[in-house]
Structures are given as structure tokens and as C-alpha cells.
Amino acid sequence: MIPIRDDNPQVSVPWTTYGLIGCNAFAWMVLQSGGFGESFEPSICKFGLVPAQIMGNAAETTCDGFTGFGLLSVLSSMFMHGGWMHILGNMLFLWIFGGNVEDAMGPLRFLVFYIVCGTGAAVAQIWSDPNSLIPMVGASGAIGGVMGGYLMIYPRVKVHILVPIFIIFWTFRVPAWAMLGYWIALQVIEGVVSLGSTGGGVAFWAHVGGFLVGATLIFVLKDDELLFDHPFHGWSDNVDPASVWEDPNNRQK
Amino acid sequence: MSKSDVEDVVDVIESHDEDDADDARNDFLNNGFGTHWVAEIEGEITAISGYRQVPETYGSGWVSWTYVLENHCGKGIGKRLFKFVLEEAIEAGAQKLFIKVSNYTDEFGNNIYQTATSMYESFGFECEIVSKDFYDVGEDQLIYSKNLLPKLDGEIEVEKEKEKPAIRFADVYEIAETDGAYSFSWEVIDKSFFQKRSFSVDDLYVGLQAVKERGGRIVFLTFLSNLPLIHSPLASAGFKFVGQLEDYYEPGVHELHFVHRLDGK
């Protein structure tokens, strides 16, 4: 299930979303050599987040010779990726959902929102396996937060998704609550299944943690006044704020 | 006309209303005669009328200081002068003219502005808003208006873009020529990081309390119709909708009038 676009109009230029995509692309191409070459694996060790190291449970990581960035790796890991599909998938989700969440709070607040969601994702991943020596990289936790925020404010918006059935890709329009609800349910299930496993793979709990932080933090940072511009925000049809004066009790007697 | 004519013009107004005469003197001395004209009979100024265009609008104007010397009333001088004023306004590109009128009745029950009101109606002016108890208890303000340029046939109503400036109230003040009617002055500020754009219901309560402390009995506020954030706090604070001056700022952007009574009526 791949989202292609949504029916939510973009009201303001999403400078922070553009900037974050640019930073991720820059990190991927420059710091990680686009996934090729000798510097790729060390970049994951150097900038990735190692739960055991953060918790002080390990002096060394699986990456020989690298001690990582310590607490700063919470931030640096958000801009690192493990492969082309990883970064492209993340940036597609950020492109589709980030702009509208940014619309709801403005670029500066959105930057704060994104970083806090990413941090929440890191905390959740560390909680799920504090002794893990495997470096975690990726923007998915922060983007999970963006999706959580999106679900809270634009649940009715139709999202166009691409679904492969046999060998043919079909497109469907589904409400955001269905698409994002399915996505988070999948993360929770996969997260539960992955508990106790020692191997690498997708950081499901980071997705869940980021999502929950985003779904909560959106209520602190969203600006209801900016949301007036979005015809589909909220669970019910939006009414003209001036219609309050149609009530005879609100008119001069 | 020149500044030396101010006192002769004021005399015309003073023959009806001394308060208006003082206000008119200040207006003419500060702002000049501008788009005001007088009628003369044998060198004597017998009538004054005119209008002032509202700068921030695309063509709205307020008719002001329309008086005929008391002993020349009923001779059609006012009507001829007012017709001239309307022609001049059209010539100058004014789109719509407004007039504020009181419905004051004297102790004998006579509406002293009835003659003027009838004249405005005869020129096609229609009452758009009645603000009850505006000037004083029992004395309403009626705002008449007339579109000088007819709307084009089949003109489509265009929904105007909503604006969300950060509005903050600066002060409360008693409205000129009223007894105990107040309004809030407001300004648009630069919005900071966590600030709300709209004024809040609490901001309105602060203003209402300040008016109460000054002995005010009623508060009137006006806003543009393309500000979606004003409605919720105004309604929550107990303001009532009075009416709107249609297309006041530009086609599709009206001036909304609200009232809040402090006397519990």
C-alpha cells in the first residue's frame, strides 16, 4: 500500500518540509554516499542510534571502532537511511503528509514538532530493546509522528493509494483515518511480533512511538486559526464561522 | 470655499444643532472643505452639504454636514444642493454613499430629522442598519445607503479571500455625539511564535470591564466581513449582530456591526 497523494489543498509554502527533505537527501548523498562505497556502512555506525550505548549498557557497538554520537545520535539518526527504498519511501510519506501538517502550525512549530516526534520514536525504540547493539537509522519515526498528527486533524481527507494486486497496481481513494489507521495497526502488530527478536529490521516501535507523540503533540502545536483554510479538517463538516449570527438569539433584538 | 468661509458655514449648522456646529468647525479647520459645497442666495451661505470618501475603501463615502439655514428651510434649496453633491460624487468615482441619521424625537414626539430622512429616501437611499440606543437610550442610529453605480446584470458574487491578521485591542473610547456608547480601538500586530491571531473572549471581557468602569452603557464594534476569526470570540462574549453595510470596503467585503449592552437589557 503506497500513498501517491492526498486531496488536501496545500495552503502555505511548506518550507520546513522542503528543508527536511533536502537535509535527508543531502545526508544520503553526501554523508552516506548514496548507499554505495566504503563510507556507507560506517555512516550508519557513526550517525545511527544504538540503544545499548545510549543506555550505557555497552561500550562498543556492532560497528567496530565507532563509538557513535551518543545522545546526539537521536538527532543524527533521523537523517540517515539504510537504502534507496528506505529513503525514497520515507520522503514520499513526508512529502504527502508533511506539508499539510506544516500548514496547521507554520514552519517553525513544524520543525519543533518533527524533531520531538523523532525523539519520541527513538525513546520508544530504546524502550523496546534497551540492550540492542544494532544502530537504528531513518526518518520513519519522525514521519510516523507526522502521520499521527495528520490523522488527528485531517481524518476525513481522501488519500490516493497504490495497491499491488497480483502483478497489477490499482489505485484507490481511502479516507486518511483508514489508511493511517491500517498503517499504525500494522506497526503495532509487527512490533509485538518482533519483541524479543535480536536481529535487525524495521524499527516498528519507533514508528509507534513517533506516531503516538505526533498524535498527542499536534494538539499542543496546531494553530486552529491556520486550520480555517483547510476545508477538510476535523471529523465533521466545517461550518462558516459567521453562521453563528444566524441564530436569532445572537442578533440585536 | 476658503477657511474664511468656515464661520459662515458653521452658522448654517448652528441654526439647527450647536454640537454638530462645533464638530463641523473642527472638521473643516482640520480637513478642509474638500468635497463639500454650499448654496448661496445673494452672497449669503444658506446651505451646506458634501461627503467624505473613506480612504481604505474602494469607493465608499459618508455624507456629512447637510444643513439648510433655518429660515430658508422648505424652499427646495437642500434638495437641489444634495442632488448636486450626488452628481459630483458619481463624477469623482464614488461607488456607494452612506448617511448616519438619528431618530431623535423631541418632547412633543416630533422626529426632528424626519425632513432630512425623507429627502434622503426621495433620492433612493435605503436604511441598511438600525443600531438601537446608539446615541442615547431610545435614540437609534440609522445608516442609509445608496449605490451610485448600479450592479451589473448577472454579476456573480465572488467569495473574498479570508484574512487572519493578529488583531489586538488598544483602548476603549466613547463614540462622538453619543451618551455612554463606547467602542474599542484595535490594531494589527506582528504575530509572535505561540500567539493567537484572533483576539480572545478574555480580551473582549477586559474591554467590556473597562467600559463599565467608565460608566458606559453599550458597546458597538465594527469589523470587516472577511475576518473569520472574529465571530467565535464575539459571540462567546455576548455580542449581538446588528447588521452589515454591504460592499463597504469593496465588492464582497462588508462592514459588520456588533453590539453589547451593559445595562442587561
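Chain B holds 6 helices and 11 strands. Helices (H or I, at least four residues) and strands (E, at least two) are DSSP runs, numbered from the N terminus. The model is predicted: local features need pLDDT of at least 70, side-chain atom pairs count only at pLDDT 80 or more, and totals for chains, interfaces and linings use all residues. Residues are numbered from 1 along each chain as its sequence is written, while chains are lettered from A and ligands numbered from 1 in the order in which they are written.

Chain A has 10 helices and 3 strands. Along the sequence, its pattern reads β-α-α-α-α-α-α-α-β-β-α-α-α.

The table sets out burial and contacts by chain. A residue is buried if 20 or more other C-beta atoms lie within 10 Å of its own, exposed if 12 or fewer, and partly exposed in between; C-beta atoms are placed from the backbone. Two residues are in contact if their C-beta atoms, placed from the backbone, lie within 7 Å.

Chain A has an open sheet of 3 strands in the order E1-E2-E3, with antiparallel pairing. Two strands pair if DSSP finds at least two bridges between them. Strand E1 (2–6) and strand E3 (168–175) of chain A are the edges; each has a single partner strand, so one side of each lacks a neighbour in the sheet. From one strand to the next, the twist averages 30 degrees. Strand E2 (residues 158–165) of chain A runs antiparallel to E3(A), joined by 8 bridges. One bridge partner in E3(A) is A:Pro175, which pairs with A:Lys158.

Helix H8(A) packs on this sheet and touches E1, E2 and E3 of chain A. Its direction makes about 115 degrees with that of E3(A). Axes are lines fitted to C-alpha atoms, for helices over the stretch in contact, and angles run from 0 to 180 degrees between N-to-C directions.

## Cores and buried helix residues

Which residues touch the most other members of the largest nonpolar core? They are A:Val146, A:Met147 and A:Tyr150, in a core of 57 residues. A nonpolar core is a set of buried Ala, Val, Leu, Ile, Met, Phe, Trp, Tyr and Cys residues joined through C-beta atoms within 7 Å. Elements giving two or more residues to this core include helix H1 (15–31), helix H5 (84–103), helix H7 (140–153) and helix H8 (176–194) of chain A. H9(A) supplies the largest share of this core, 9 residues. A second, separate core has 55 residues, among them B:Val12, B:Ile99, B:Phe220 and B:Leu234. In soluble globular proteins, nonpolar side chains tend to be buried together.

A:Tyr150 has contacts beyond its neighbours within four places in sequence: A:Phe97, A:Asn100, A:Val101, A:Ala176 and A:Leu180.

In H2(A), the buried residues include A:Ser43, A:Ile44, A:Lys46 and A:Phe47. Their cover includes H1 and helix H4 (73–76) of chain A.

## Strand pairing in chain B

Strand E3 (residues 60–68) of chain B is mostly covered, with 7 of its 9 residues buried. Strand E2 (residues 44–53) of chain B pairs with E3(B) in the antiparallel sense over 6 bridges. There, B:Gln53 stands opposite B:Gly61 in E3(B). E2(B) and E3(B) form a hairpin, with 6 residues between them.

E3(B) also pairs with strand E4 (residues 96–102) of chain B, in the parallel sense, over 3 bridges. B:Trp62 stands opposite B:Phe98 in E4(B). Between E3(B) and E4(B), the chain crosses through helix H3 (residues 77–91) of chain B, and this β-α-β crossover is right-handed. Right-handed here means that, with the strands pointing away from the viewer, the path from the first strand over the helix to the second runs clockwise.

E4(B) runs antiparallel to strand E6 (residues 139–147) of chain B, with 7 bridges joining them. Here B:Leu97 stands opposite B:Lys146 in E6(B).

## Where the chains meet

How many residues of chain A are in contact with chain B? The count is 10 residues of chain A, against 16 residues of chain B. The chain A side has 6 nonpolar, 2 polar and 2 charged residues. Ala, Val, Leu, Ile, Met, Phe, Trp, Tyr, Cys and Pro count as nonpolar, Asp, Glu, Lys and Arg as charged, and the others, Gly among them, as polar.
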